[in-house]
Amino acid sequence: MGRFRIAGVVAALVGVAGASATLSGCAAGGGKHATQAGQAGHQRNKVANEAALRKSEMAAAAQVKANELGQIPVIMYHRIVQNPPPGDDRSPKDFRDELERLAAEDYVPITAAEYVTGKIDIPAGKHPVVLTFDDSSPAQLTLDGMGNPTPDCAIGILMDVAKKHPGFRPVATMYVIKDLFGKARQEEQIQVLQWLKDHNFDIGNHTRDHLNLLGKPKDEVEKQIVAGQTLITSLIKTPPVTLALPYGNQPHEKKWALQGASGGVRYDYKGVFLAGYTPAPSPFTKDFDPLSIPRIRSKENKVGDCKKFCSMAWLDWLKANPTDRYTSDGNAKTVAFPKFKAAFVAPAFKTSVLPY
């Protein structure tokens, strides 16, 4: 009888343990299902929040009539001097007046490097403009004994206009040659290029000797471009991102200006700029061609070709045709535009689009 009682007790204990295990299993299963339900709920909330954010971004883009597929003026300057001779030079007054106009019409300067790489980070409702200076003359930048631009040089005027117009970034792209702002000593050349770099200016290649590359053999083209690049990197160690062709003339093969090598030194640019003609296409469109980026000559009069192709005429045209001008949505991570323009988006930016 004693053994039967013990056996019965053991059986009872086993039954209790089994029941406990079953209940424990149910609890574990319930926890798993609860976790899965929580994850699903979290995912739904995430999707809902993303949809709400996108709707908000679209509404904001529509409010400022954002069009990041629009055209961008890339303006070409040379010397800024009193009583400029006929050609591409401008007087300090004319240069200041043009900058004042750009600020009044909601343009924000960006660099050529920012333009070609699509890093256009400006406030909503504003328009990018690229200010470029060719040939690195003292009239563009002269520093005083304290390292400040003199008030009558181009960069001094740009800095002054920017102070009067908050939000008008004092940046530009300087396309340099061997005549580095009139500085012969290497130490002085380093000083001026380092000042530009420290103040967020962009230093581009204009070749060392400013030779016309039209009709030159490939090795001569590459030699000149590499010489210009080496001139820059020997002084500030930062390779240029873009090239401006001397006289705007392309070599026999356009691609020679974008990529090449000479003497063991390679170059691989993101954009090659011409000498003038029209506003440039948005870097987010199919029309953007890094081998042939147009610029606009800075000129106030409307005679000859300038009736259509100089800065005053083009700024007038962009003002009269705002739907063709690049207008930012204020978000550098998206490419916003009216949805009917979607066919013009470059494939590389399909994942960033914000049509409204």
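Let's start with Cys306, which is buried at a relative accessible area of 5%; buried here means under 20% relative accessible area, exposed over 50%, and partly exposed in between, with a 1.4 Å probe and protein chains only. Cys306 forms a disulfide with Cys310, and the two sulfur atoms are 2.0 Å apart. The cut-off for calling a disulfide is a pair of cysteine sulfur atoms within 2.5 Å. Cys310 is buried too, with a relative accessible area of 1%. The angle about the S-S bond is -55°, making the link of Cys306 and Cys310 left-handed. How many disulfides does the structure hold? One. As for Cys153, its relative accessibility is 3%, so it counts as buried.

A word on what we are looking at: this is a predicted model, in which local features need pLDDT of at least 70, side-chain atom pairs count only at pLDDT 80 or more, and totals for chains, interfaces and linings use all residues. Residues are numbered from 1 along each chain as its sequence is written, and side-chain values use heavy atoms, with hydrogens and water left out.

Helices (H or I, at least four residues) and strands (E, at least two) are DSSP runs, numbered from the N terminus.

Which strands does S3 pair with? For pairing, DSSP has to find at least two bridges between two strands. S1, residues 74-77, runs parallel to S3 and is joined to it by four bridges; there, Met76 stands opposite Thr132. S2 also runs parallel to S3, again with four bridges, and Ile110 has Val130 as its bridge partner in S3. Then comes S4, residues 173-176, which pairs with S3 in the parallel sense over three bridges. Asp134 has Tyr175 as its bridge partner in S4. Between these two we pass through helix H4, residues 154-164, and S3, H4 and S4 make a right-handed β-α-β unit. Right-handed is meant this way: with the strands pointing away from the viewer, the path from the first strand over the helix to the second runs clockwise.

Take Thr327, in the loop between helix H8 (311-320) and strand S11 (335-337). Is Thr327 buried or exposed? It is buried, with a relative accessible area of 6%. Its side chain makes a polar contact of 3.2 Å with the side chain of His127. By polar contact I mean a pair of N or O atoms within 3.5 Å; within protein, one must be able to donate a hydrogen and the other to accept it, and residues adjacent in sequence count only if both atoms are side-chain atoms. Leaving aside residues up to four places away in sequence, Thr327 touches, among others, Val64, Asn67, Glu68 and Gly125, where contact means heavy atoms within 4.5 Å.

Then there is His78, in the loop between S1 and H2. His78 counts as buried at 14% relative accessibility. Not counting residues up to four places away in sequence, His78 touches Asp88, Asp89, Phe133, Asp134, Asp135 and Gln140.

Back to H8 for a moment. Its buried residues are Ser311, Ala313, Trp314, Leu315 and Leu318. They pack against helix H2 (92-104), strand S2 (107-110), strand S10 (296-297) and helix H7 (306-309).

Next, some backbone angles. Most residues other than glycine have a negative phi, and most peptide bonds are trans. Asp106, in the loop between H2 and S2, has a positive phi near 70° and is partly exposed at 32% relative accessible area. Phe181 also has a positive phi, about 55°; it lies in the loop between S4 and helix H5 (186-198) and is buried at 2% relative accessibility. Gly263 takes a positive phi near 60° in the hairpin of S7 and S8, which has two residues between the strands. S7 (residues 259-262) and S8 (residues 265-268) run antiparallel, joined by four bridges, with Ala261 opposite Arg266.

Last, the annotation: an unreviewed UniProt entry lists residues 137-356 as "domain: NodB homology". In the model, that span is 26% helix and 14% strand, and its end C-alpha atoms lie 45 Å apart.

How values were computed: UniProt positions renumbered as here; feature names shortened; annotations may be inferred.
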